[in-house]
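Dear colleague,

Please find below the structure that I am handing over to you, together with its sequence.

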Amino acid sequence: MNVKENIRIAVFSIRSNLMRSILTMLGIIIGVASVIAIITVGDGGRDYIIGMIRDMGNSAISLNVNINTASDDDWFTQRDIDGIKKLDGVEYASMYSIAMTTMTANDQSAFLIDIGCNTDMPMIMKTACIYGRFFTQDEYEEKRNVGVIDATSAMAIFGRTDVVGEYIYANVDGSTISIKIVGVINVMSGYNIDTDDLMQNMSSMGGTSITSCMVLTPVFVAGLINGSGDRFDTINITAKDENILDGIGNSAISYIQSLHGNFEKDCYSVTNMATYIDLLDTVINVFTIFIAAVSAISLVVGGIGVMNIMLVSITERTREIGIRKALGAKTDTIMFQFLTESIILCLIGGVIGLIIGVAGAALVSHIMDVPLSVKFSTVALAVGFSSAIGIIFGVYPARRAAKMPPIEALRRE
């Protein structure tokens with residue numbers, strides 16, 4: 001008997017017991033759908049997160065002060081920034097200092113999150129103002145109280161995003177300093193993070209959540225707020241070539257140690273964003289595979305269901321098997337016929353599961369706002385899993401049918 005005839009008989013058998021076949025395929029459908037959905041969402045999430053890191057600058061490194069071992073004289077200063085900018089391969093360099101306090105603006109109170117930096121920060125962040133401009137080098141050097149507000153913060157406080165020219169008033173040691181808004185920037189929008197919820201959670205004080213405001217200002221403003229003065233603990237650097245990041249990091253640390261005369265101290269560290277991409281990729285892949293493997297347990301359950309229904313089918317078709325063997329059908333022919341039926345049953349379930357899985361992944365991706373990533377390998381996995389289940393759990397019933405003695409088969413009613 002040829003393959004085409006086997007497929008025809010298998011399809012006829014499945015259609016003759018349609019409801020039973022659907023119930024049998026249910027385990028395969030659920031198993032394949034869950035595995036495909038998890039892998040697809042996992043791939044999309046991985047691509048999204050790694051892409052987000054790359055957007056933040058895979059050609060960037062961060063120098064940090066170890067506050068446990070460093071003294072006041074070991075912290076970074078403007079002199080360190082000026083020197084680092086002159087190192088070979090350095091493109092941009094900016095301090096990163098976070099200060100928090102309360103503030104008032106537009107007749108309401110808010111919680112201020114001030115990111116102190118210099119004029120290189122927008123290039124390091126790879127973003128631009130949507131309204132107005134970033135503060136200038138002259139404003140930075142003249143220590144003017146100017147800032148660039150996050151668009152979400154502007155909307156929360158002023159009810160609109162174009163707030164160039166408005167003022168916010170930050171509380172500093174019982175007094176108030178006014179900060180003029182010269183620009184509006186989407187600090188977090190490129191990362192699809194709900195900054196309003198994020199900052200509301202950060203600013204929950206005494207059980208009461210208040211409006212938050214994120215502003216980028218010259219570093220001296222942050223120094224006034226957090227009391228650090230002209231010192232800061234973080235420097236962000238971008239390189240002209242990402243392949244020399246490690247060298248630039250080591251050079252920058254050596255340069256700073258020479259300026260501060262603290263070679264014997266272990267008070268500085270370098271964080272290379274690019275080195276974490278492969279590690280993050282591996283971690284996400286392992287996690288995705290683990291979850292998918294747990295979900296694949298339902299495939300085993302579905303395979304057992306296929307084996308069970310095939311054994312029932314053999315019992316029902318005992319006389320058919322006996323007649324075919326009496327007419328000269330070979331053992332291999334009988335075995336291949338029932339094995340074909342098992343494989344087709346699982347393949348149909350696999351295709352349905354693939355469609356449901358991709359649809360479910362698309363829904364989850366839409367809700368989570370991450371890209372949908374359906375790869376050929378994922379489709380091949382669904383087909384391969386289905387075929388494997390059909391073969392593994394169909395071999396025993398097929399062999400049992402093939403080895404049935406013709407006389408015994410013909411005696412059964």
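In this predicted model, the largest nonpolar core holds 39 residues, and those touching the most other members are Leu63, Phe76, Ile84, Leu216, Ile235 and Ile237. Helix α9 (residues 245-260) supplies the largest share of this core, namely five residues. A second, separate core has 29 residues, among them Ala10, Ile28, Val35 and Ile39.

Leucine 216 deserves a separate entry. Not counting residues up to four places away in sequence, its contacts include Asp114, Ile115, Cys117, Met121, Met125, Phe134 and Phe135. Leucine 216 also touches Val146, Gly147, Val148 and Val187.

I turn next to the sheet. Four strands form an open sheet in the order β2-β12-β1-β13, with antiparallel pairing. Because β2 and β13 stand at the edges with a single partner strand each, one side of each has no neighbour in the sheet. On average, and ignoring direction, neighbouring strands are turned by 20 degrees against each other. The antiparallel pairing of β1 with β12 runs over five bridges, and leucine 63 stands opposite isoleucine 235 in β12. Helix α9 packs on this sheet, touching β1, β2, β12 and β13, and the direction of α9 makes about 160 degrees with that of β13.

As for α9 itself, its 16 residues should span 22 Å at 1.5 Å a residue, and this agrees with its end C-alpha atoms, which are 22 Å apart. The buried residues of α9 are Leu245, Ile248, Gly249, Ala252, Ile253, Ile256, Gln257 and His260. Why do they lie on the same side of α9? They cover an arc of only 165 degrees around the axis, which places them there. In general, an α-helix has 3.6 residues a turn, so residues three or four places apart point the same way. The buried residues of α9 pack against β1 (60-65), α3 (78-85), β2 (90-95), β12 (234-239) and β13 (268-272). Glycine 261, which follows α9, has a positive phi near 65 degrees.

Apart from neighbours within four places in sequence, glutamine 257 is in contact with Asn262, Phe263, Lys265 and Tyr268. Serine 342 lies in helix α13 (residues 331-368) and, at 0% relative accessibility, counts as buried. With neighbours within four places in sequence left aside, serine 342 contacts Val306, Met310, Gly390 and Gly394.

With kind regards

Note on methods: Residues numbered from 1 in each chain as written. Predicted model: local features only at pLDDT ≥ 70, side-chain atom pairs only at ≥ 80, totals over all residues. Heavy atoms only, no water. Core = buried A, V, L, I, M, F, W, Y, C linked by side-chain atoms within 4.5 Å. Buried < 20%, exposed > 50% of the residue type's maximum accessible area, 1.4 Å probe, protein only. Helix = DSSP H or I, 4+ residues; strand = E, 2+ residues; numbered from the N terminus. Contact = heavy atoms within 4.5 Å. Expected span 1.5 Å × (residues − 1). Arc of directions from axis to C-beta. Pairing = 2+ DSSP bridges. Axes fitted to C-alpha atoms, helices over the stretch in contact; angles between N-to-C directions.
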